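Have the structure open while you read.

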Amino acid sequence: VHDDVTVVKQLGLNLDEVINNLIERGYCDDGEKEPAASERVHGEETPAPLPPEPKDEHDVEGLINRAYAETFNWRMVGKVDAYYDKQYCHRGCRNLDYFGHAEYKKFLLSWLSMFPDAEIIIEDIYWSGDAVKGYRSSTRWKIVGTHLGNGIYGAPTGARIEVMGITNHLIRGGKFIEALDVYNDLEIAVRIERARRKNAAKKAD
């Protein structure tokens, strides 16, 4: 998992040109293979049952599992107020930072608008720390969804995507204080642009 888009920008390269070159070289070209479909194909069916609520403010895994399920899979974005500190700082890909509840909610909604059937699957959680200094955790996750809305990846293409990511949190008092989010941003951009070109080619035939 790596944030290649940020590296591209730091090197002063043109992102669109880099994406075009990668497509021409066959980067991430799986042919007709697509990521496994989420059970909520159209975002209309009920998501998986919610995991148990955190036992207490020291239940790191309980907090992560419950918060991700409610705010993302169940679309209960308002629950950000319950699980995230008011001064929460979220550092994401492309050197984009989000501060406080309002900005983080907008970030979540931007993803859900681009991939309305998206589902996040937590694969591993590692953590350490104590109640005094706080707990530091690293969560490996996967998002599966369909590109059906406008956003940073352009107009919708209908492409199925699978996003692999890792989020490192600082947790204190049973709430998220800050996070560093890294995922395969450039790979998503390439797959979506390739799908856009294939759609255009089909229309031209």
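1. Start with R94, which counts as buried at 14% relative accessibility; buried here is under 20% relative accessible area, exposed is over 50%, and partly exposed is in between, using a 1.4 Å probe and protein chains only. Before going further, note that this is a predicted model: local features need pLDDT of at least 70, side-chain atom pairs count only at pLDDT 80 or more, and totals for chains, interfaces and linings use all residues. Numbering runs from 1 along each chain as its sequence is written, and side-chain values use heavy atoms, with hydrogens and water left out.

2. Which residue does R94 form a salt bridge with? The partner is D185, with the closest N and O atoms 2.6 Å apart; a salt bridge means a side-chain nitrogen of Lys or Arg within 4 Å of a carboxyl oxygen of Asp or Glu. The two come from distant parts of the chain, 91 residues apart: R94 is in the loop between β1 (84–91) and β2 (97–99), and D185 is in helix α6 (residues 185–204). Helices (H or I, at least four residues) and strands (E, at least two) are DSSP runs, numbered from the N terminus. D185 is buried too, at 0% relative accessibility.

3. Now look at D3, in the segment before α1 (4–10). D3 is buried yet has no salt bridge, and the nearest side chain of opposite charge, R94, is 6.3 Å away. (Lys and Arg count as positive, Asp and Glu as negative; His and the chain ends are not counted.) What D3 does have is a polar contact of 2.3 Å between its side chain and that of T6. A polar contact is a pair of N or O atoms within 3.5 Å; within protein, one must be able to donate a hydrogen and the other to accept it, and residues adjacent in sequence count only if both atoms are side-chain atoms. Leaving out residues up to four places away in sequence, D3 touches C93, R94, V182, Y183 and D185, where contact means heavy atoms within 4.5 Å.

4. A search of the whole structure finds 12 salt bridges. One of them joins R160 and D117, at 3.0 Å between the closest N and O atoms. R160 lies in strand β5 (residues 160–172) and D117 in the loop between α5 (100–114) and β3 (119–130), so this pair ties together parts 43 residues apart in sequence. Both R160 and D117 are buried.

5. On to the rings: the structure holds 12 aromatic pairs. W141 and Y183 make a tilted one, 6.3 Å centre to centre with 50° between the planes. Rings of Phe, Tyr and Trp (its six-membered ring) pair if their centres lie within 6.5 Å; planes under 30 degrees apart count as stacked, over 60 as edge-to-face and the rest as tilted. W141 lies in strand β4 (residues 134–146) and Y183 in strand β6 (residues 175–183), so the pair ties together parts 42 residues apart in sequence. W141 and Y183 are both buried.

6. Last, R75, in the loop between α3 and α4 (80–83). R75 has a positive phi of about 60° although it is not a glycine, and is partly exposed at 27% relative accessible area.
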